[in-house]
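Let's take a walk through this model together, starting with the terms we need and then moving from the whole chain to its helices.

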Amino acid sequence: MENLIDVYLSFLRQLKEDETNAYSPVTFVNYREKLTTFQTFIAANSGLSLSAQHISQVTADSVDAFRKYQRERMLMPATRDNYAAILKGFFAFLVHQKIIQTNPAAHLRRVVTRYNPTPPPAIDDRYFTVDEIELIHGHFKGATKCIDLRDYAMMVIMVYTGLRISEVCGVNMNMTKPILLGGYLQVLSKGGNWDRVELPPFAVECVKKYLTLRGLAPDDAPMFISLRGNRMSRVYAWQRYALHQRAINIRTGTHRLRHSSIHYAIKTLGFEAGFVHSRHRDRRTTMVYAHYEVEAAKARTASLPFAPKNRRIKVENIRTT
């Protein structure tokens, strides 16, 4: 029984091989993950699958039930939009190939609106404060369980290097020697490139403590594993950090670690250093992490040479954030 997920992904690979802008390998992993999640849902609720035998029985009601399930799980609007875009593309492909007659996901609309009329929050909480990071360090102080040392090692790597949670989850055991002896690791980035990332001694020490309990494994085995021995996933990592962060009463979210790392790199070292630290392709993306700071903005505007000479304010060492 041929699974149509494989057919669709093969089509995308072939389509992009004929063009210059190929999809990143991470994109194919994301597509497969989202479509498999939908297939698991309809299998549990209707006994259906995304195979040629059952695909004609998947209706708009099946898609709507899945959307309701996502809302009940309180998935972020952007995540639900990602699912919707992938489902619409998948079923549109099947319609084009005349495997089905109508697209059951054609009615889906974006959850996230382009323009948000609500005012910005009084306090920008997209990154951890220094005090909150200290609270997290204190929470893990004295940890002895393997899962706690794993969570702490992953957190320290993300907050020091600005890596994405998917990049950290993708690290294999072949990086053990580079981390422990060379103080660096190589990760498959979002753009499909292998990036070398330097680690400070404290992060190396945290990884070493975890690996002592994790034990030896083949080079192609995942470094960070669940209790069942499977590779850590983004969802499971988020659940683990939510558990830890709720224990110390701060806002949860794995991406806040990356956001904090890039924000403080920009604030401390300047925008260009923060851009390199983020490994973004476009500086406009990095600008999202350069948060507006009132005092720094006042200092910059006060130093401009437009006031009378006797009214000018000389401000030294103003850093652009």
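This is a predicted model: local features need pLDDT of at least 70, side-chain atom pairs count only at pLDDT 80 or more; totals for chains, interfaces and linings use all residues.

Helices here are DSSP runs of H or I with at least four residues, numbered from the N terminus.

The protein chain has 14 helices and two strands. Of its 321 residues, 41% are buried. Among contacts in the chain with a separation of 6 or more, 62% are between residues 24 or more positions apart.

Now back to helix 12, which spans residues 271-278 and has F271, G274, F275 and S278 as its buried residues. Viewed down the helix axis, these buried residues fall within an arc of 105°, so they line one face of helix 12. What covers the buried residues of helix 12? The cover includes helix 11 (255-269) and helix 13 (283-286).

Let's turn next to a pair of helices elsewhere in the chain. Helix 3 (residues 60-72) packs with helix 4 (residues 77-96) at an angle of about 165°, and their axes are 11 Å apart. Angles over 145 degrees count as roughly antiparallel, and helix 3 and helix 4 are therefore roughly antiparallel to each other. Their crossing is right-handed. On the helix 3 side, F66, R67, Q70 and R71 meet R80, D81, Y83, A84 and L87 of helix 4. Sorted by class, this contact has four nonpolar, one polar and four charged residues.

How values were computed
Residues are numbered from 1 along each chain as its sequence is written. Side-chain values use heavy atoms; hydrogens and water are left out. Buried means under 20% relative accessible area, exposed over 50%, partly exposed in between (1.4 Å probe, protein chains only). The arc is that of the directions from the helix axis to the C-beta atoms. Contact means heavy atoms within 4.5 Å. Axes are lines fitted to C-alpha atoms, for helices over the stretch in contact, and angles run from 0 to 180 degrees between N-to-C directions. Angles under 35 degrees count as roughly parallel, over 145 as roughly antiparallel, 65 to 115 as roughly perpendicular and the rest as oblique. A crossing is left-handed if the near helix is turned anticlockwise from the far one by less than a right angle, and right-handed if clockwise. Ala, Val, Leu, Ile, Met, Phe, Trp, Tyr, Cys and Pro count as nonpolar, Asp, Glu, Lys and Arg as charged, and the others, Gly among them, as polar.
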